[in-house]
Structure formats: structure tokens, C-alpha cells
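Biologist: I'm new to this one. Can you put it up and walk me through it?

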Amino acid sequence: LCYLAGKYGLTVIGAIGVVVLNAVIDYFMVPVSGVYFAAASTTVLLTIYAVFAAIKLKGIIGSYITKELCKTMGKILLSALMAVAVVLICMPLLQDVLQYGYHIPLFLVAAAVYVIGLLLMGVLKDLFTTPLSRVKKG
């Protein structure tokens, strides 16, 4: 959105910052903590970037946090928590299999749970349909 609002510098600096910080953190921490730390650090850095971009964007286009947006964000968060729960529940149960590197099927199942959650809560339907009341005239 910042890119579309003409704030290219924020987009470029943020993206480069996330890549550089992620590379530095991963270089030092992955040998100690493993690949799961790499995934977690990427997620945290991208979330921080998104929060800063949202704050900057609010200054550009005004307040955009509405009741509908908060409701949708809650649905997305709930779907994400369901996917995380699948991983956290299944990892101890599948520890013997996962030690041989079969993580991808588990993460694909978690991704499917996430998408199914979004479907059941109507988030994907809302994303791909625009009610006539929201279409700008003129």
C-alpha cells in the first residue's frame, strides 16, 4: 500500500532492512537454534515491518482501522492460530518421522488448515468479492 501511495522509499528501505536483519540474525542464530528459529525470525521481522508500514500509511491516508477491518483481522488471526496448533500438536506425535526431514507434509497440512479456516470464516470470499456498496462511483 505504501508503494501504491507513492512512498517508494519506505517500501524499499523496509524490504532491504528486513532482508539484511534477517540474514544477520539467521547467520548467528540458525547454527545454534535451527531452521525453526529462521522461520520465526523472518515472521517477526515481517510483522514489525508491517506494523511500521501501517503506522506510516495511517499518516498518509488517515485512519483506516474500522470495525470491519478488526473483525477480519481477528478471523485471520484465528485461522493462523489453528494452523500453529496443528504444528504444535503434531510435532511431538511425529517426532520420530520428523527427525528424518519430513517437515514439509506437516507444514502443508498446517497451510491447508489455515486456508480452510479462512474459507469457513468467509475471509477468502470477502477478499474476492466486492459488494456494490463498496465500489466507488465516478
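Modeller: Aspartate 26 counts as buried, at 18% relative accessibility. Buried means under 20% relative accessible area, exposed over 50%, partly exposed in between (1.4 Å probe, protein chains only). This is a predicted model: local features need pLDDT of at least 70, side-chain atom pairs count only at pLDDT 80 or more, and totals for chains, interfaces and linings use all residues. Residues are numbered from 1 along each chain as its sequence is written, and side-chain values use heavy atoms, without hydrogens and water.

Biologist: Which helix holds aspartate 26?

Modeller: Aspartate 26 lies in helix H1. Helices are DSSP runs (H or I, at least four residues), numbered from the N terminus.

Biologist: What does the aspartate 26 side chain make a polar contact with?

Modeller: The side chain of serine 41, at 2.9 Å. A polar contact is a pair of N or O atoms within 3.5 Å; within protein, one must be able to donate a hydrogen and the other to accept it, and residues adjacent in sequence count only if both atoms are side-chain atoms.

Biologist: New topic. Which residues make up the largest nonpolar core?

Modeller: Six residues: Ala83, Val86, Val87, Met91, Leu106 and Ala110. Such a core is a set of buried Ala, Val, Leu, Ile, Met, Phe, Trp, Tyr and Cys residues joined through side-chain atoms within 4.5 Å. H3 gives the largest share, four residues.

Biologist: And valine 12, where is that found?

Modeller: In helix H1, residues 8–33. Valine 12 is partly exposed, with a relative accessible area of 46%.

Terms used:
Helix = DSSP H or I, 4+ residues; strand = E, 2+ residues; numbered from the N terminus.
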